[in-house]
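Here is a short report on one protein chain. Keep the sequence and the 3D view open as you read.

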Amino acid sequence: MTASALALEVLVWRCVPFDSLTPRELDRIYAARQRVFAVEQGCAYLDADGRDEVAHHLAAWAPAAAEPVAYARLLAPGAKYSDASIGRVLTSLEARGRGLGRELMERSLALVEVIWPATAVRISAQTRLEGFYASLGFVAVGTAYLEDGIDHTEMLRTVDASSF
């Protein structure tokens, strides 16, 4: 699918708990995550970390795309951090540069507020994206650290930032 074809398509957004994913959706989500994190970013790590089964999975599907063009995993407070968290955030190569990453995060934050009201959100952000996440109300809460060969920074969005 070309980037121009994607621009003309209507995306279907779906957020469901793990047990509501179809086997095909799960397979395609895993393929998208591997394509972005393992292949594009060259990170060798165990993606299947045991948290998918307790997560809500938000994906944007384009009719002509084999994999989701945007995806994020939402975790309840206590599943990874004491706060809720959003991770495995990606947009496909074909979908980048169209504001889809911002839409994905805005939808993720809105869903966290609905599913787990009045909770802060903690993320492990790639350090190069700190400015992007800061524009969504996140604040760095520590120094940069190396995760899977890429600089990351832990960031927190407090409940007060939800009106951001």
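Buried residues account for 42% of the 164 residues in the protein chain. Here, buried means under 20% relative accessible area, exposed means over 50%, and partly exposed lies in between (1.4 Å probe, protein chains only). The model is predicted: local features need pLDDT of at least 70, side-chain atom pairs count only at pLDDT 80 or more, and totals for chains, interfaces and linings use all residues. Residues are numbered from 1 along each chain as its sequence is written, and side-chain values use heavy atoms, with hydrogens and water left out.

**The whole chain**

The protein chain has 4 helices and 8 strands. Their order along the sequence is α-β-α-β-β-β-α-β-α-β-β-β. The radius of gyration is 15 Å, close to the 15 Å that the globule rule gives for 164 residues, so the protein chain is as compact as a globular protein of that length. Helices (H or I, at least four residues) and strands (E, at least two) are DSSP runs, numbered from the N terminus. The radius of gyration is taken over C-alpha atoms, and the globule rule is 2.2 Å times the number of residues to the power 0.38.

Along its principal axes, the C-alpha trace spans about 40 × 35 × 30 Å. The protein chain exposes about 8400 Å². Carbon and sulfur atoms supply 55% of that area. Accessible areas come from the Shrake-Rupley method with a 1.4 Å probe; for residues, only the protein chains shown count as cover.

Now look at contacts, meaning heavy atoms within 4.5 Å. Take those between residues at least 6 apart in sequence: 62% of them join residues at least 24 apart.

Charges come next. The protein chain has 16 positive and 21 negative charges, and their mean positions are 3 Å apart. Lys and Arg count as positive and Asp and Glu as negative; His and the chain ends are not counted. Each charge is placed at NZ of Lys, CZ of Arg, CG of Asp or CD of Glu.

**Two aspartates**

Find Asp52 in the loop between H2 and E2. Is Asp52 buried or exposed? At 3% relative accessibility, Asp52 counts as buried. Its side chain makes polar contacts with the side chains of Tyr30 and Arg73. A polar contact is a pair of N or O atoms within 3.5 Å; within protein, one must be able to donate a hydrogen and the other to accept it, and residues adjacent in sequence count only if both atoms are side-chain atoms. Not counting residues up to four places away in sequence, Asp52 touches Phe18, Tyr30, Arg33, His57, Tyr71 and Arg73.

Asp83 sits in the loop between strand E3 (70–75) and strand E4 (84–91). Asp83 is buried too, with a relative accessible area of 13%. Which side chain does the side chain of Asp83 meet in a polar contact? The partner is Arg122. Leaving aside neighbours within four places in sequence, the contacts of Asp83 include Ala76, Pro77, Thr119 and Leu156. Ala140 is 57 residues from Asp83 along the chain, and their C-alpha atoms are separated by 15 Å.

| Side chain | Partner side chain | Polar contact |
|---|---|---|
| Asp52 | Tyr30 | 3.1 Å |
| Asp52 | Arg73 | 3.1 Å |
| Asp83 | Arg122 | 2.9 Å |

**Positive phi angles**

Arg88 lies in strand E4. Its phi is near 55°, a positive value in a residue other than glycine. Arg88 is buried, with a relative accessible area of 16%.

Ala118 lies in the loop between helix H3 (100–115) and strand E5 (121–126). Phi of Ala118 is also positive, near 55°. Ala118 is exposed, with a relative accessible area of 55%.

Gln126 belongs to strand E5. Gln126 is buried, at 12% relative accessible area. Beyond its neighbours within four places in sequence, Gln126 is in contact with Gln41, Ile150, Asp151 and His152.

Arg24 is in helix H2 (residues 23–40). Arg24 counts as exposed at 57% relative accessibility. Arg24 and Glu67 are 43 residues apart along the chain, with C-alpha atoms separated by 9.7 Å.

Ala66 is in the loop between strand E2 (56–61) and E3. Leaving aside neighbours within four places in sequence, Ala66 is in contact with Arg28 and Trp61. The C-alpha atoms of Ala66 and Ala32 are separated by 9.1 Å.
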